[in-house]
Amino acid sequence: MDYSKQIQEIASKLFAENKIDYFVGYKQNSFDDSQVPFLITDPAEIPKLVFTNRSVFNLANYLKPDHTKRKRVGLVVKGCDSRALNLMLTESQVKRENVYIIGICCEGVLNEKGEKAQNCVECVMPDPVVYDEIIGTPSGKKEYTVNADIKELALMALNERADYFENIFENCIRCNACRHSCPLCYCAKCCIDQETSTLYHGANTSSGAMHALMTWSLHLAGRCVDCRNCEKACPSHLPLHLLHKQNESVIYENFQQHLAGMEKDDRGAFYKYSLSDPDDFIL
Amino acid sequence: METEVKEAQGKIVSAENPGITAPADWQPVIMGILCNWCSYAGSDLTGTSRIQYPPNIRIIRVPCSSRVDPWFIIKSLQTTADGVLISGCHPGDCHYISGNYYARRRFLVTKKLLNFVGYHENRVQFSWVSAAEGPKFAKVVAKVTADIKKLGPLYRYKKENF
Amino acid sequence: MSVNLIETDKAGLQKFYEEIIGKFETYAPVEQFGKYDYKRVTKLTECDPDSPIATTMSVKPLFFPKTSKIMKFLEDSSGTTLSETEEEGPELRVILGVKHCDARGLQVLDKVYNWDYIDTDYQEKRVNTVIISTRCDKAATHCFCTSLDYDVENSDAHDVRIVYGLDGKVYIQPITEKGGKFIKENSSQQSAAGSQQSIEEIKKQYKSFEASFRQKMNYNEVNAKLQKVFDSPEFETISSNCIGCNTCAFVCPTCHCFKITDEKIKDTGVRYKSYDSCNNGYFTLMAGGHNPRPVKYRRWRQRALHKFVYYKERFGENLCVGCGRCAISCPVNISIFDLVNQVAKV
C-alpha cells in the first residue's frame with residue numbers, strides 16, 4: 001500500500017492552485033521505519049511526503065485550532081480517520097469548505113512488530129466515508145466483531161479484573177498524551193486537564209488517574225472510532241482500547257448497532273435516543 | 001461471573017475485596033441524585049406521608065436526570081459513598097421533554113463500564129420515580145440500601161486516604 | 001594506573017545481584033505492558049537489570065516521584081494546623097541496571113536541588129541510594145550521550161559500573177567511594193587490582209560503544225550558535241506536529257518542573273507536589289487568565305534553550321543528557337537532537 005507518489009501530486013496541485021494553506025500528511029520517522037505526521041506550508045517540502053502501511057497516526061487530530069489555526073487544510077485520511085473527521089464536521093469543529101480530504105482505501109497498518117494492528121483486524125470500515133478525492137479500491141463495510149481482549153476480561157472474576165485495572169490506573173502518569181492525540185477531544189477547557197479543572201485531582205495519584213480515564217472514556221462513548229491514537233501515544237503503553245471497546249460493544253448491542261461517524265451528519269450515540277431503548281435495569 | 005457474597009462468622013465481606021470485612025451492624029453511605037421535578041418531589045411526598053425509609057441515603061437535587069455526568073457517580077464512589085442511586089422521571093414524563101431518554105442511554109453504558117473495571121453491578125442503581133410515587137420511593141431506597149449492605153464497604157479505587 | 005575491579009562471569013554477576021536483592025531494598029527494571037520500569041523487586045527472576053532496552057520512565061521517579069505529599073493541613077474553628085506527612089525513614093536502597101544517562105541525569109539535578117533551597121527529601125534519597133550501572137554495549141537509534149559536555153567513559157555518576165568484556169567475562173568496578181565501601185561490606189566477591197588485559201578490554205568495549213552511535217554532534221559549536229538564534233523560524237517548522245502533551249518532560253531524566261495542588265475532604269487536606277511540563281499550553285497560565293506562552297513553537301523554543309543554553313549558563317552543565325527518551329516516547333517522535341542541530345545550522 002504505497003501511495004506516496006499520488007499524494008505528492010495532489011499536494012503540489014493544491015498548493016499551485018492556492019486552495020490550501022497547510023497540507024497534513026506523513027513523513028519518514030528518523031528512528032524506525034514507521035511514518036510520523038508532517039505539516040507543511042511550503043511546497044518545497046512536498047517530496048518528503050510518504051504513505052505506506054506504517055502510516056498510523058490519525059491526522060484528523062491536526063484540524064484542531066492550535067495546530068492549523070482554522071485555515072484551509074488538505075489532509076490524508078484512512079477509513080477510521082475519515083470517520084473521526086466526519087464526526088468533527090457534524091459537531092461543527094471544522095468547516096467543510098476549509099478541508100480538502102484525500103481518502104485512502106486502507107488495507108490495514110502494521111505495528112512495530114510487523115503484525116497487522118488489532119484494530120485493523122477488527123476494522124468495520126476501511127474505506128473513507130467522506131472525501132474529495134479517493135485513492136485505492138473500496139472494499140465495503142465489514143462485519144462488526146466484539147474485541148477479543150474484552151471478551152477475555154469479561155470472563156475473569158470481579159476482583160481479579162479489578163486488580164488488573166487497578167494496575168493499569170497506577171501506571172498512568174497523567175501526561176494527557178491520550179487526550180491530546182485524540183481527534184475528538186477538542187474541548188478548549190478539558191475537564192480532565194489538571195490545569196483547567198481541579199475536579200480531577202490535580203496531583204498525579206492513581207485514584208485521579210482512574211477518575212480521569214473513566215470519565216474520558218465515557219465522554220468519548222459513542223464517538224470513538226478506534227483509531228488507537230491514544231494507545232500509541234501513551235508513554236506507559238496502557239491498553240486504553242479496553243475501556244473504549246467495552247463502551248462500543250455495549251452501544252452496538254443495545255442502541256440499534258450504532259457505530260461512530262459512519263453516516264454523514266451522524267452524531268454520537270448519546271445525541272439520539274429511541275423510545276425502545278433498554279430499560280429493564282432501571283427500578 | 002460475579003463473586004458470591006458470603007456472610008462469614010456474622011461479618012460482611014466487601015464484594016470487590018474479599019479480604020476486607022465489616023461488622024454486621026455496619027451502615028452504608030448511599031449518594032442519591034434525584035431529578036427536581038419528579039423524583040425529588042416524590043421523595044418529598046414520602047416524607048410528608050410519614051413513610052419510613054432507611055436514613056443511609058444522602059440526596060442531591062439536579063434539574064433533570066440527564067444532568068448527571070458519569071463523573072458524579074465515579075467521584076461519589078471514590079470518596080465516601082458505598083453506592084449511588086440516580087432517579088428521574090418516567091420516560092415520556094420528563095419536564096424537559098426528552099432528558100431522561102438521553103439519560104437512560106448514558107446510564108446503561110456507565111453501569112456496564114463500572115462493572116467492567118471492577119465494581120459490583122449493584123453498586124450503582126437507577127430508578128424512575130414520579131412526583132406522586134411516595135411509597136415507591138421508600139421501597140426503592142429500602143431495596144438499594146439492602147443490596148448495598150450485602151455488598152459490604154467499598155474499598156476499591158478509593159481516593160488516597162489522608 | 002591501578003584500577004580495582006571484580007573479574008567474573010555471567011554466573012558470578014547473577015550471584016552478585018542475588019546477594020544484593022537478598023539484603024537490601026532493591027529496584028530494578030521490571031517488564032509490564034511491553035515496557036520496562038524501575039520497580040521494587042524481591043527476586044532476580046522478576047527483573048532484567050541488563051536488558052539493552054532502556055526503561056520508559058528514567059530513574060528520576062525514585063528520587064522525585066510523580067506525586068508526593070509534602071504537607072497535611074487541618075482547618076477547623078481554631079484555625080489552620082499544619083503537620084508533617086508520614087515518610088519512611090531513610091534506609092539504604094540499591095538500584096540495579098541503571099543506564100549511564102539516567103545516573104548522569106541525577107548528577108545534573110543535584111545542582112538545582114542544592115541551589116537556592118536545599119531539597120532535603122531528594123538529598124536524603126541521594127545519600128542513601130547506591131546506583132549500580134551496566135554500561136551499554138551499543139547505542140540505540142535515539143541516543144546521543146557521547147555528543148554532550150561530559151565524559152561518558154570516566155564518569156562518576158554511578159557508584160558501581162558493570163562492563164561486559166569478551167568471551168563471557170564481566171567486570172564489576174567500584175567507581176565512587178560509596179560504591180567501593182558497598183562492595184567491600186556486602187559482596188562475597190571482592191575487587192582486586194585489575195590486570196592490564198582487563199583494563200584494555202574495558203577500554204575496547206567503550207571504543208566499540210562509542211562507534212555505534214548514529215547521532216553525533218559538536219556540542220560546543222551547537223551551544224555557541226544556539227545562544228544567538230532566538231528568532232529562528234526552524235523552531236516552528238520542527239515543532240509543527242507537536243501535540244502539546246506532557247510526555248517529554250515526564251520521561252526526561254533531568255526535567256524537574258512541578259506543580260503544587262491541594263486536596264481536601266471536609267476539613268482535612270493534603271498538599272501534593274506533582275510533575276508538570278513546560279510544553280503544556282497552560283504551564284504559564286496565571287491567575288487572572290494571562291498566559292505569556294500560549295503558542296506551541298514558543299514553548300518548544302523555551303524547552304530546547306533551557307536544556308542546552310540557560311541551564312549551562314547558570315550551573316555549568318547541560319540539562320539534556322542525551323538519552324533520547326523524549327523522542328522515543330513522543331507520540332510523533334519529535335527529536336530534540338534534530339531540532340538543536342537544525343537551528344544551529346542557520
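Which residues does Val340(C) touch, not counting residues up to four places away in sequence? In this predicted model, the contacts of Val340(C) are Val222(C), Leu226(C), Ala304(C) and Phe308(C). Val340(C) itself is part of helix α11 of chain C, which spans residues 336-345. The residue has 25 C-beta neighbours inside 10 Å and therefore counts as buried, the threshold for this class being 20 or more.

Chain C is assigned two domains, each made of two segments. Domain 1 comprises residues 4-66 and 87-214, whereas domain 2 comprises residues 220-257 and 275-345. Taken over C-alpha atoms, the centres of domain 1 and domain 2 of chain C lie 27 Å apart. Contacts between the domains of chain C involve 24 residues of domain 1 and 19 residues of domain 2. On the side of domain 1 of chain C that touches domain 2 of chain C, 13 residues are nonpolar, five are polar and six are charged.

Strand β7 of chain C covers residues 129-134. Six of its six residues are buried, so the strand is largely enclosed by the rest of the structure. Burial extends to both faces of β7(C): one side carries Thr129(C), Ile131(C) and Ser133(C), and the other carries Val130(C), Ile132(C) and Thr134(C). Strand β6 of chain C (residues 93-98) runs parallel to β7(C) and is joined to it by four bridges. In this pairing, Arg93(C) has Thr129(C) as its bridge partner in β7(C). Strand β8 of chain C (residues 160-164) is also parallel to β7(C), with three bridges between the two strands. Here Arg161(C) in β8(C) stands opposite Ser133(C). Thr129(C) and Ser133(C) both belong to the buried set on one side of β7(C).

Between chains A and B, contacts involve 33 residues of chain A and 38 residues of chain B. Three elements of chain A each give two or more residues to the side that touches chain B, namely α6 (158-170), α8 (206-220) and α10 (241-254). Of these, α8(A) provides the largest share of that side, with seven residues. By class, the side of chain A that touches chain B contains 20 nonpolar, nine polar and four charged residues.

Terms used: Residues are numbered from 1 along each chain as its sequence is written. Chains are lettered from A and ligands numbered from 1 in the order in which they are written. This is a predicted model: local features need pLDDT of at least 70, side-chain atom pairs count only at pLDDT 80 or more; totals for chains, interfaces and linings use all residues. Domain bounds come from an automatic or database domain assignment. Two residues are in contact if their C-beta atoms, placed from the backbone, lie within 7 Å. Ala, Val, Leu, Ile, Met, Phe, Trp, Tyr, Cys and Pro count as nonpolar, Asp, Glu, Lys and Arg as charged, and the others, Gly among them, as polar. A residue is buried if 20 or more other C-beta atoms lie within 10 Å of its own, exposed if 12 or fewer, and partly exposed in between; C-beta atoms are placed from the backbone. Two strands pair if DSSP finds at least two bridges between them.
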